[in-house]
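Let's take a friendly walk through the charged side chains of this protein. Have the sequence and the model open as you read.

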Amino acid sequence: HSVFLHHAILESGMDVGIVNAHEMIAYDDLEDDMKLLCENLVFNKTPEATDDMLERTAYERACIDAKKKGLTMPRKPRGKFPNLPRKQFAYDNVQPKPATEPPLP
């Protein structure tokens with residue numbers, strides 16, 4: 001809910017809404033991978049958004065059950081990483097020099 005409201009208020013100009021703030025997690029308190037999952041789900045960015053959220057929800061439920069039973073925590077599901085462009089450095093733009101002499105034996 002906090003992801004939806006964050007974008008609705010800041011980007012779309014929503015000014016009135018009825019929210020139970022006692023049970024809602026603040027947007028800034030969400031983990032980055034959870035924000036990405038929620039944004040994918042709310043804005044329908046990827047076809048796998050629902051499946052990814054169901055997997056994360058199952059993990060959260062397993063953590064709650066493990067805490068209640070005193071067991072070790074399950075492993076967190078590996079999220080999808082955004083495909084970012086490679087950082088460019090000065091040496092990436094150096095033009096190769098043609099060989100003027102044959103290589104040494």
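A salt bridge here is a side-chain nitrogen of Lys or Arg within 4 Å of a carboxyl oxygen of Asp or Glu. By this rule, the structure has six salt bridges. Side chains of opposite charge can pair when their charged atoms come close.

A word on the basis: this is a predicted model, in which local features need pLDDT of at least 70, side-chain atom pairs count only at pLDDT 80 or more, and totals for chains, interfaces and linings use all residues. Residues are numbered from 1 along each chain as its sequence is written, and side-chain values use heavy atoms, with hydrogens and water left out.

Start at Arg-56, whose side chain forms a salt bridge with that of Glu-31 (3.1 Å, N to O). Arg-56 sits in helix H3 (residues 49-69), while Glu-31 is in the loop between helix H1 (2-10) and helix H2 (32-42), 25 residues apart. Helices are DSSP runs of H or I with at least four residues, numbered from the N terminus.

Arg-56 also meets Asp-33 in a salt bridge (2.8 Å, N to O). Because Arg-56 lies in helix H3 and Asp-33 in helix H2, this pair ties together parts 23 residues apart in sequence. Arg-56 is buried at 4% relative accessibility, whereas Asp-33 is partly exposed at 27%; buried means under 20% relative accessible area, exposed over 50%, and partly exposed in between (1.4 Å probe, protein chains only).

Now return to Glu-31, which is partly exposed at 40%. Lys-76 forms a salt bridge with Glu-31, their closest N and O atoms being 2.6 Å apart. Lys-76 lies in the segment after H3 and Glu-31 in the loop between H1 and H2, so parts 45 residues apart in sequence are tied together. Finally, Glu-31, Asp-33, Arg-56, Glu-60 and Lys-76 are linked in a network of salt bridges.

Definitions and conventions:
Helix = DSSP H or I, 4+ residues; strand = E, 2+ residues; numbered from the N terminus.
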